[in-house]
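Hi everyone, thanks for coming along.

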Amino acid sequence: MDLILTAIVEMAQPFRMLMLVAGVFAGLVVGVVPGIGGLFAMALLIPMTYNMDAYSAFALLLGMGSVNTTSDTIPAILFGVPGSVGAAATVLDGHAMAKKGEAARAFGASYSASMIGGVFGALVLAAAIPVMQPLVLYLKTPDFFAICAFGLSIVAMLAGSQPLKGLAAAMFGMLASFVGIDQIAGIDRWTFGQIYLWDGLPVALVFLGLFGLPELASLLLRGSIQGNAEKPTYAGMWQGILDTLREWPLVLKCSTIGSLLGAVPGVGIAVLDWIAYGYASRRPGSGPKFGEGNVRGVIAPESANNAKEGGSLIPTIAFGVPGSASMSILLGAFVVHGLVPGPDMLGKNAALTMSMVFSIAVANIVGAVTCLVLTRPLARVAQVSAAILVPLVVTFIVVGAYQTNMSAFDFVLVIGIGAVGMAMKELNWPRSAFSLGFVLGPSLENYFFLAYQISGWSWLAQPLVLILLGLAVVGVVRQTLSWIRARNAGRPLPPALPDIIAGAAMTLLALAALVTAAIGFPFEAAIFPMITAGLLAVFSLVTTVQTTLRWRKRTPSAPLSATSPGTPGEWSPATQPTMKGNLGIIGLCLALAVLILLVGHLAATFIFVAGSIMVLGSKSWRSPLVIAAATTVFVYSVFDMLASQPWPEPWLAGIRQFL
Amino acid sequence: MLFRALRAISVVVAGLAFAVCAQATEFKTVTIKVGYGPGGGYDQTSRIIARHIGRYLAGNPDIVVQNVPGGGSLKLTKMVLGSEPADGSVVAAVSEAMSYAPVLDPANANFDPLALQWIGSLVNEPAYCVTTKSSGIDTIDKFLQSDFLIGSTGKSSVTYIFAAMVKNGLNARFKVVTGFDGTADIQLAMQRGEIAGMCGVSSYNISGNRDTLNLIGTFGPGTVRGEEKLERFTARIEDPKVQEAATLIESTLHFHHPLVAPPGTPKDAVEAFRTAYGQMVKDPEFLADIGKLGEMSVNATSGEDISQLVWQQQAVGPDVFEAARNLVK
């Protein structure tokens, strides 16, 4: 009790509270803008804390780190663009709600869930202080493997209305995650001689392309985010908050998932987000299907990803082993302030540890309240014309993607993955299953080999491993039974011919991967990719054969109705000529990418925004220029002043020098 | 007061002298690219260097830090050798192990570490093998003759290279587990009792839990302040050729945390960086900042000396290279 009081008294000093609030605002901005994540922001802020006392420093850093998972839902709900990797799962139902005119409700639900989750995570951290050391030491490497395997079994919940495609998508995601230099043999897998690919496909970029671009295409066709002209009100927001309160058991369970998994090194927000989402999708409740705007699909990932911050501090404080990537940067701050992670943090520096709990809790409350206040103006965005929104969002996706490596490959990847995402969306290959496979693949492989090198196969008999693997098997078996039962239910299916082509292409890709892995990689680097590619080949071949048989029989496809009963899924039959929208978005992205390379990001932003608003049909010529100028100023202030990364020289400037 | 005035005067004089002799190279903005992700030792030291080195460069440039992680800084090294601008606007913090990357891995044979322009390095001290006290392995003989597990990160990392060198050079019986995420991760697995030790660690890596560890032996000559003198592993290697190969690998310990400029960077710019680096590592403010990073103590090596060492590395015969490759397999 004394400890808590000491911590509160220490934190009550005006400068420290000021730093906390400053951190929260920085974190909110960082969360909203795709491309700059909490990770990067933390690296920028650390040097600023050199001359502060430790309390202020951690107030600033944790304030920033705690809330970017609160505000990253804003672009996720409005545009389907995840503001950070932690918001990808929120896109599915959050954006669907916005399309139905429920943006305010989705915001209310997500912020309140974020706040409760965040405070819960802080409490878990506080409760863990006395037992932290034995707790972290109790979990051994094989347990981490089992946790990841259990996480992967959640794919079964995300597999959607065509489970084989769901499983194939998960394997596809896992296969994609193996690109790059492997951890065990140190060889490069499928990098095609590109140094760019050594570190694998960047997660943030994959999620931007996979979720952001396909949603934009449908926004372009619809004309505005929300179909009807209903004005958003605070009533919707309150409804969302009440949703969260009504679903309190789900909030608590997902917060628990978030804070516990957050403590496992290698399991980041990108993973636990999907696990929480998959967990919630087992019981969709009374609302619409998952993927069609079920509020539980917003509450679950949002409570989990904010709870993570507290959880991932546990191994960081107790052992100096970062529970997440941003924690490894925070560790740098420990060192700078002369703090040694370990027993000291629980003994003589316990007040400081307690102040971190306090910072996380307060930051989450301040962050959520700030966002709630902004809800009404933000929800109005849902009615703005797509002719204005699409160019703006494309700008943030493309400029944000360019932040990843400042290389032309960033554009190629985000657009290429966007195209894959569009195809997956049209043809009912669930992107959620892909994502879970993609984020879990490397941890699964690495923990398996560590466990195997340390103790051969004997770890399979450890109790926690048995329990977790058992639970995973039970979950998959139960889900399979329900698929078999639902087998003959008449469901709408995507058009057959493109589906067959995509399935066949996927089968070929899998076979190519299988062969190249078998020939080119040493055994330890080949085994996981080979198993994954083999499964992918089987799943995609079977689904292709099924579709072909259906096509040959010329079964009339079921009538198009979005409300048909069935297993939860994110797919609904297309009602519009989607190809046009998809090509439009890809064209816009390409245009902006080329402009950025030619004239630099600021001039490119201005030209692109003004030009494309005019092309997409603006009546006046003044407003495009005003909007373009405002966007350019915003891009400058975020990407040049806040995140002062050096930009590569545009090509045209190079030519001028040459002349 | 007097001290402060003197310091101010000396800074001004140094600045003037510098401005006079380095008029040719005015720096506007200098980017320090770091071959690792944010948060690690390389990132932290580079950010501290960024804070201080600008004062010693003509034009008092802004220094920005950019992370270019990949392949244990091999990615950035290849970029520095190939595509980075060589006009003094970019310098890079890469692993010292890059100096023998072409020696150890034939796949890198096309790159020339002699072409890198070495500016200076921060740390020059021996590395250790350590075991946990609970493992009971507390002498070099037990270390070489017992069956146990040593943890390491990737196969190109110092944690693997030095462990493999002991295993292959001295026929030690331990097994090397690869795939840990970093040295903190290895140390946690040691505390859990899953593995018994690790190799290639510097004193500041283990400052946190020094009292739970046995220091077994060192790589490279000399000792660290405050530690007793330990046996050097490579002194036990009998075959002179293998020993030469081992010394070759150890020689990088003299320039831990180096800074390099791309090949083709103008000579006066490189000189300006080297002079600035030499002045910076004596600056009490810089030393105070660096001192905050664990127990890191600066023991700098000049760019000229590093070039000399790298040149010596590359001058040995192909049979020694071959022996070195076999040592770290």
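How many bridges join β3(B) to strand β10 of chain B, and do these run parallel or antiparallel? Before I answer, please keep in mind that this is a predicted model. There are two bridges between β3(B) and β10(B), which covers residues 256-261, and the strands run antiparallel.

Strand β1 of chain B, residues 29-34, is joined to β3(B) by four bridges, and here the two run parallel. In that pair, B:T31 has B:V90 in β3(B) as its bridge partner.

While we're on β3(B), residues 90-93, have a look at the side chains: B:V90 and B:A92 point one way, B:V91 and B:A93 point the other way, and all of them are buried.

Let's step back to the whole sheet. It is an open sheet of six strands in chain B, ordered β2-β1-β3-β10-β4-β11, with mixed pairing. Why do β2 and β11 of chain B each have one side without a neighbour in the sheet? β2 (62-67) and β11 (301-302) stand at the edges and each has a single partner strand, so one side of each is left open in that sense.

For β2(B), the pairing with β1(B) is parallel and spans six bridges. One example is B:K33, whose bridge partner in β2(B) is B:Q66.

Last stop, a helix: α11 of chain B, residues 303-315, packs on the sheet and touches β4 (117-123), β10 and β11 of chain B. The direction of α11(B) makes about 105 degrees with that of β4(B).

How values were computed:
Residues numbered from 1 in each chain as written. Chains lettered and ligands numbered in written order. Predicted model: local features only at pLDDT ≥ 70, side-chain atom pairs only at ≥ 80, totals over all residues. Buried ≥ 20, exposed ≤ 12 C-beta atoms within 10 Å, placed from the backbone. Pairing = 2+ DSSP bridges. Contact = placed C-beta atoms within 7 Å. Axes fitted to C-alpha atoms, helices over the stretch in contact; angles between N-to-C directions.
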